[in-house]
2 protein chains.
Amino acid sequence: MENADITVQIVLEGFKSNLKKATKLLNELSDKDLLQEIVIFKNTGHYVFGHLNAVHDNMISLLGLGESLYPELAEVFIKNPDKADLQKPSIVQLRIQWDEINLALVEKLESLTTAQWFAKHTAVSDEDFAKEPQRNRLSVVISRGNHLAYHVGQLVLLKN
Amino acid sequence: MENADITVQIVLEGFKSNLKKATKLLNELSDKDLLQEIVIFKNTGHYVFGHLNAVHDNMISLLGLGESLYPELAEVFIKNPDKADLQKPSIVQLRIQWDEINLALVEKLESLTTAQWFAKHTAVSDEDFAKEPQRNRLSVVISRGNHLAYHVGQLVLLKN
């Protein structure tokens, strides 16, 4: 196996394993758990969960894999903070969307060739990519894996 | 640039950027902040900080880059939980060790060739590596980057 193929396998399997742990935790947390603030005066589990949905949904378009499924999530969960108190989709709804978004995302990632993993994502111009070939799909997935781990480290604190 | 070289650059720069954010946050947190439990009845910042020191120190030997600097940290911060209440090095001491450990670690990582990044780490046998070539140094650094992000997501909650 070529080093580039090995890399893709590491990154894809790593991301899937992050997702699996996150989903397991989210399934263990009740809706009531998620409604709590993780730390007093800080974000609720509800907001963090919605934020993860919005960011993963956005990966689909950012990576040039198709249209995001729920682009409206960005307004509530990325562009505004929890305390802006905009109306949020319910946790029940977020649970359904989470599975849907990540199923679509992983399916699309799994269909990429190694060359496509090393190709640029949509937020970088051809000119910039020529200078910075590390701004590829691979690096986005690694960095979103980190982002997921960061918030899972917070959600786990809601467990009793 | 070859795809394998691009990969190494993404992973190394990504890890260094994670470290930089973590260190910035740790410098913003006072010793008093770090002594608090992140969430009532859960780990203190002191323990999480020590845990990160122990895990990064262990990376040096795990990756075959030399001897760990403070192998004794593992007993207090990996093998035992916070509530075991073993005597911990002070936060002042941990701050010094954190810089020392990560300086050594990054210096050693920076000196690796691309081929060495794709070589096996010390916890895998030649036989297993032949079957699973993804158990290389690269994958350890990606996964430790995730681990760091997970705990930084918790430490950030100690900020007022």
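Modeller: A cavity is found on a 1 Å grid over the protein atoms alone, as a set of points where a 1.4 Å probe fits but cannot get out. Grid points are joined across faces, edges and corners, and a volume is the space filled by probe spheres set on the points. This is a predicted model, in which local features need pLDDT of at least 70 and side-chain atom pairs count only at pLDDT 80 or more, while totals for chains, interfaces and linings use all residues. Residues are numbered from 1 along each chain as its sequence is written, chains are lettered from A and ligands numbered from 1 in the order in which they are written, and side-chain values use heavy atoms, without hydrogens and water.

Biologist: How many cavities of 30 Å³ or more does the structure hold?

Modeller: Rolling a probe the size of a water molecule over the atoms shows where empty space is left. Here there is one cavity of 30 Å³ or more. The largest cavity has about 80 Å³ of space.

Biologist: Which residues line the largest cavity?

Modeller: Lining residues have an atom within 4 Å of a point. Among them are A:Ile10, A:Phe15 and A:Asn18, and from the other chain B:Ile142 and B:Asn146. By class the lining has six nonpolar, five polar and no charged residues. Ala, Val, Leu, Ile, Met, Phe, Trp, Tyr, Cys and Pro count as nonpolar, Asp, Glu, Lys and Arg as charged, and the others, Gly among them, as polar.

Biologist: Which helix supplies the largest share of that lining?

Modeller: Helices are DSSP runs (H or I, at least four residues), strands likewise (E, at least two), numbered from the N terminus. H1(A) gives the largest share, five residues. At least two lining residues each come from H1 (3–28) and H8 (137–155) of chain A and from H8 (137–155) of chain B. Chain A has eight helices and zero strands.

Biologist: What share of chain A is buried?

Modeller: Buried means under 20% relative accessible area, exposed over 50%, partly exposed in between (1.4 Å probe, protein chains only). Of the 160 residues of chain A, 51% are buried.

Technical notes. On a 1 Å grid over the protein atoms alone, a cavity is a set of points where a 1.4 Å probe fits but cannot get out, and a pocket is an open set with protein on both sides within 12 Å along at least five of seven lines; lining residues have an atom within 4 Å of a point.
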